[in-house]
Amino acid sequence: MSTIPPEQLETLVADIAPPGMEVFAHVRREIASVIGERIEGRIASVQGLTVSAVGLPVPVGARCRIRTRRDGVVEAEVVGIAGDRAVLSILGEATGLAPDDPVACVSGVPRVPVGLDLLGRVIDARGRALDGRPAPVLNVRQPLYADAPAPLDRQPIDEPLGLGIRAIDGLLTAGRGQRLGIFAGTGVGKSVLMGMICRHTQATVNVIALVGERGREVRDFLEHNLGAEGLRRSVVVACTSDEAPALRVRACFHATAIAEFFRAQGHDVLLMVDSLTRLAMAQRQIGLAAGEPPTAKGYPPSTFALLPRLLERAGRTRQGSITGIYTVLVEGDDIDEPLADAVRGILDGHIWLSRRLANRGHYPAIDVLNSISRVAPDVTDPVQQQAAMRVRQVLATWDDIEDLVSIGAYVPGANADYDVAVQTRETVTRFLQQDRAEGRTFSQTADELKALGELIEKTAAGARNASSQPASGTPVG
């Protein structure tokens, strides 16, 4: 182990960033954090993508570099301490590592470069450009693992944020600074819905983390779902499924740090993470390799501890807001599986995409009755809330009587609520469906929903009057 003496460190820092120049204050701190911790250890063992090192007394989260015998360099991050050994997760391939290879700590507090030049760019979990363009010019470094805003520093969520989707803006209204989950199985239109939201949202900046995606799907999402219009005001952090678990976890925190930078600049940021399930799977690999015991579904305790650390960083502050939308890929379409249940307990609402609706060609396949936005009553007016309630009642009633109508057992006039559901169902369905190229402002959706609510109320009044007359008793199929 070797360290730079304090007096020599102060001299090195002063040479690069003189103490009298305030503009270099953050530079001085960065230099001190990098060159002040030159601690070296040695590899004791390698298991998969996990390395144990001796003689490396560094904290969890420290970034290290391993120098191989062929003069290669492998980056790693400390994820645990086991006795006198530091447990590191490799950020890449473990090929070439051998016992006694030197491990050097290169930083104490991980930070990532951020800046306005990130807009319109696609980067990886390490901040390197993936779009074939020159590296972005970034002059600010943001903490990778920052603390969430203090509870009393958060501003109330009392303003709506239009996402451009009628079913969401009208019935599951999101607020500025809210955290919403999109829960879905495979192949029900999750990526298409994400692209629609990014293109049509009223947020000024989009930050999108694509975690554990297939390599082909990254380009497909950028070109077909996000499009050039959406990319212009977006930052995309992509980490494909073939990359190391530590990088997949880092990608989520990197995207969150970028969103925090834009929030501090006064922007309303839309942060989309796809998906929390792949983040949890990556953390499961890291935790099990570090010796943690498996719990529900094989996830170690660190997975469930990681989720609130990430999700609580979104929210509204005095400067701006981060509205978080996090997708959860549920196994077997089971919304009650342990990971989905844990995420629902942290978020401020969830949107369930139904395979049954998707199979019928109903897109976006949002199951309104199984979805909820906990802040919708705080960001919408009473008229919209009443209209949304009427639409939900129609959907719930139709769900109850659909089989009766299908077999011809429904009798018009026998039940006023049934009559309303039968007569208005098609209109409600047209309202909930939306083409991917079609965008709606929040005010347009609110006006359409209120008009739909008035139609349902008029139909209900007519049905009540008809039900007071003697029924013909003739079944209608």
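Colleague: Is Tyr418 buried, exposed or partly exposed?

Modeller: Tyr418 counts as partly exposed, because its relative accessibility is 30%. Buried means under 20% relative accessible area, exposed over 50%, partly exposed in between, with a 1.4 Å probe and protein chains only. This is a predicted model: local features need pLDDT of at least 70, side-chain atom pairs pLDDT 80 or more, while totals for chains, interfaces and linings use all residues. Numbering starts from 1 along each chain as its sequence is written, and side-chain values use heavy atoms, without hydrogens or water.

Colleague: Where does Tyr418 sit?

Modeller: In helix H13, residues 416-432.

Colleague: Switching topic. Which strand holds Val51?

Modeller: Val51 is in strand S2, residues 50-54. Val51 is buried, at 0% relative accessible area.

Colleague: What does Val51 touch?

Modeller: Leaving out residues up to four places away in sequence, its contacts (heavy atoms within 4.5 Å) include Ile43, Ile66, Val87 and Leu97.

Colleague: Now the helices. At what angle do H8 and H9 cross?

Modeller: Roughly 35°, and the axes of H8 (residues 301-311) and H9 (residues 338-346) come within 10 Å. Axes are lines fitted to C-alpha atoms, over the stretch in contact for helices, and angles run from 0 to 180 degrees between N-to-C directions.

Colleague: Which residues make the contact?

Modeller: Among them, Phe304 and Leu307 of H8, and Leu339 and Val343 of H9.

Technical notes: Helices (H or I, at least four residues) and strands (E, at least two) are DSSP runs, numbered from the N terminus.
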